[in-house]
Amino acid sequence: MRAELTAVQNVVNSLAVFAFLGMVIALFAISALLRIVRELQQAVLAAPAAAPGPDAVRRVPRFASADGRPTFVLVVSEHCPSCRDRAAHLAGMPPGRVDGRLVLLSAGEACAAWAGPAPHVEAVVDADLLGSVAVGATPSLVKYAPDGAEEWRRVVGSDPDLDRLLGVDLPESSNVR
């Protein structure tokens, strides 16, 4: 009886060791999979910046500035609640806080009202111009050099994200960078 009990105990111990080894191997596999996903995400984020677009998308004379400062264009859609929030945040910024011209671009008149009476934000309602800028998701911020050449474009996920992209100084107590 004692020999049978010892044999069963040995089998249970062996199964426990194999289960532990299986878990370790599974953790390594999950880690490798997560690393691959992270690399793919970085490649997708870097791809639009590396691929040059057509000249109509990369250069917009309307966004050229004579004062030598860049133009920041927040592209919004009237069907996007996040767009309304980002536009209200942009309009609520004190004038002069951003070193550049601020433009709110949309295809609908309702979006122009989101900027309100903010004198430092130019609301442009132009479906053709919006089509030539060709953003894939809204709200998006596009930065144009003083000559009207597009420098970069980013999707804006939050108000702190918009502040960071505009180069606005964040309070020291903020943990957003």
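Residues are termed buried when their relative accessible area is under 20%, exposed when it is over 50%, and partly exposed in between, as computed with a 1.4 Å probe on protein chains only. The structure is a predicted model, in which local features need pLDDT of at least 70 and side-chain atom pairs count only at pLDDT 80 or more, while totals for chains, interfaces and linings use all residues. Residues are numbered from 1 along each chain as its sequence is written, and side-chain values use heavy atoms, with hydrogens and water left out. Helices (H or I, at least four residues) and strands (E, at least two) are DSSP runs numbered from the N terminus.

Helix H3 itself comprises 12 residues (81-92) and reaches 17 Å from its first C-alpha to its last, close to the 16 Å expected at 1.5 Å a residue, the expected span being 1.5 Å times one less than the number of residues.

Two aromatic pairs are present in the structure. Rings of Phe, Tyr and Trp (its six-membered ring) pair if their centres lie within 6.5 Å, and planes under 30 degrees apart count as stacked, over 60 as edge-to-face and the rest as tilted. The ring centres of Phe63 and Tyr144 are 4.9 Å apart and their planes stand at 35°, so this pair is tilted. Phe63, in the loop between helix H2 (55-58) and E1, and Tyr144, in strand E4 (residues 140-144), are 81 residues apart, and their pair links distant parts of the chain. Phe63 is buried, with a relative accessible area of 0%, and Tyr144 likewise counts as buried at 0%. In the pair formed by Phe72 and Trp152, the ring centres are 6.3 Å apart with the planes at 55°, so that pair is tilted. Because Phe72 lies in strand E1 and Trp152 in strand E5 (residues 150-155), the pair ties together parts that are 80 residues apart in sequence.
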